[in-house]
Amino acid sequence: MTNYDYILPTYPRYPVTFVKGVGCKLYDDSGKEYIDFASGIGVNSVGHSHPKWVEAVCAQAATLSHVSNLYYTQPGGELAKKLCAISDMKGVFFSNSGAESVEGAIKTVRKYSNNKYGDDAGRNTIITLHGSFHGRTMAALTATGQPEKFHKHFHPFMPGFRYIPANDISTLEAEAKNTDICALMLEPVQGEGGVMPLDAKYLQKAEEICAKNDWLLIVDEVQTGIGRTGDWFAYQGYGIKPDAVTFAKGIAGGLPYGGFLLGEKAHSVLGAGDHGTTYGGNLVCAAAALSVLEILTPILPTIKEKGEYIIKKVKAMNLPCVKEIRGKGLMLGIKLEGIPHTEAVANLLKAGLVALPAGTDVLRFLPPLIITTEEIDAGLAILQKELSR
Ligand SMILES: *Cc1c(COP(=O)(O)O)cnc(C)c1O
């Protein structure tokens, strides 16, 4: 037995033990260097051990790390104001993960509807999309529109969710005849489902249909948010304004943090006692998040360019196993043919490039947002060599 045999095998782990990270480079226990195109699944948005991030985390840990949400804390207040400013939302609830952020948003839209239309109105169904991913806790898992992959073995599931095809305006319009709906939840770019950006026309129409029927629009930006797609939030790039926005992964640069932002319609729905968390909003994570926003502010305008650069270079490689490359900003998916995506990820890892699988046949890149052109070139050289075999 090794130490690792005591960890439940819920992940098919690659046979690598990372011990150190600097910027966009990772190092394993043999000293081997890797280029990071994964960011710990979109989390290490400012790379590894960024000096400003380290300083912010250490200074806050040495001052005050946690007091609970029964009191005010300065980093939490400052972060709340900044997040509302960059999202144009009215209020935020801090949590510790993506799934928790989704759970909070689900509670909010249900309470909004039940308050306004009555608890007996039965107006509490949330529509989500085929291929979506919203997390692993029971309500977030129920919301996830991939029953084959995620819904086996765990029944009973929560009532109050219905799934419709993505990018299909007429199915969404047809839902308007039903009186049981309180919200629509979607990811602007479906991440785990295979890096599928939704059509701008679909999102704009969805916003309109939601407004017309008084369904709240929840945009799950756990993966797309905090600069990943080149805007602070992906919905901004689509020119829509949701009622609720979830975020997590990239917000605190490697510490567990997340939350949901609420707009005009829903920001006063939750009152004292309606929702809570012991750790959510802890000071160290808030200080980390503030440093992430500060580091990313000057970098934000370069993110789309970097993504387009990668797309152009991969297309120019003309690799026979690459069917398509798609995505937004530094959230990119390469649809593969002739090689299983998990095998491609394993081969790349062996060759020194850390990448991710997504969906059933997609190689996913979520590099740190601070990545340089030189580092992109070095990573893509490995990709070209490995995928041309
Ligand atoms: C990762 C992810 C989640 C779940 O986040 P956890 O932190 O793993 O709970 C939810 N929604 C989306 C869109 C995600 O990408």
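The report takes up helix packing, then the ligand, then the backbone of some loops.

The model is predicted. Keep that in mind throughout.

**Helix packing**

Two packed helices are described by the angle between their axes and the distance between the axes.

| Helix pair | Angle between axes | Distance between axes | Handedness of crossing |
|---|---|---|---|
| α2 and α10 | about 155 degrees | 8 Å | right-handed |
| α3 and α10 | about 40 degrees | 9 Å | left-handed |
| α12 and α13 | roughly 125 degrees | within 10 Å | right-handed |

Start with α2 and α10. Helix α2 covers residues 51-63, and helix α10 covers residues 283-296. They pack at about 155 degrees, with axes 8 Å apart. An angle over 145 degrees counts as roughly antiparallel, so α2 is roughly antiparallel to α10. On the α2 side, the contact is made by Lys 52, Trp 53, Ala 56, Val 57, Gln 60 and Ala 61. On the α10 side, it is made by Leu 283, Val 284, Ala 287, Ala 288, Ser 291, Val 292 and Ile 295. By class, this contact has 10 nonpolar, two polar and one charged residues.

Helix α10 also packs with α3, at about 40 degrees and with axes 9 Å apart. The two helices are therefore oblique to each other. Their crossing is left-handed. From α3 come Pro 75, Gly 76, Glu 78, Leu 79, Lys 82, Leu 83 and Ile 86. From α10 come Leu 283, Ala 286, Ala 287, Ala 289, Leu 290 and Leu 293. The contact of α3 with α10 divides into 10 nonpolar, one polar and two charged residues. Leu 283 and Ala 287 of α10 take part in the contact with α2 and in the contact with α3.

The crossing is right-handed. Helix α12 contributes Ala 344, Asn 347, Leu 348 and Ala 351. Helix α13 contributes Ile 382, Leu 383, Glu 386 and Leu 387. In the contact of α12 with α13, six residues are nonpolar, one is polar and one is charged.

**The ligand**

Which residues surround the ligand? They are Ser 97, Gly 98, Ala 99, Phe 133, His 134, Gly 135, Glu 187, Asp 220, Val 222, Gln 223 and Lys 249.

Among them, Gly 98 has a backbone N or O atom 2.8 Å from an oxygen atom of the ligand. Asp 220 uses its side chain: an N or O atom there is 2.8 Å from a nitrogen atom of the ligand. Lys 249 also has a side-chain N or O atom at 2.7 Å from a ligand oxygen atom.

**Loop backbone**

Which bond is cis, with omega near 5 degrees? The peptide bond from His 155 to Pro 156 is. Pro 156 sits in the loop between α6 (147-150) and β6 (161-164).

His 153 lies in the loop between α6 and β6 too. Its phi is near 75 degrees, a positive value in a residue other than glycine.

Asp 88 is another non-glycine residue with positive phi, near 60 degrees. Asp 88 is found in the loop between α3 (74-87) and β4 (91-95).

Notes
Residues numbered from 1 in each chain as written. Predicted model: local features only at pLDDT ≥ 70, side-chain atom pairs only at ≥ 80, totals over all residues. Heavy atoms only, no water. Axes fitted to C-alpha atoms, helices over the stretch in contact; angles between N-to-C directions. Helix = DSSP H or I, 4+ residues; strand = E, 2+ residues; numbered from the N terminus. Left-handed = near helix turned anticlockwise from the far one by under 90°. Contact = heavy atoms within 4.5 Å. Nonpolar A, V, L, I, M, F, W, Y, C, P; charged D, E, K, R; others polar. Near = heavy atom within 4 Å. Polar contact = N/O pair within 3.5 Å; in protein donor to acceptor, adjacent residues only side chain to side chain. Parallel < 35°, antiparallel > 145°, perpendicular 65-115°, else oblique.
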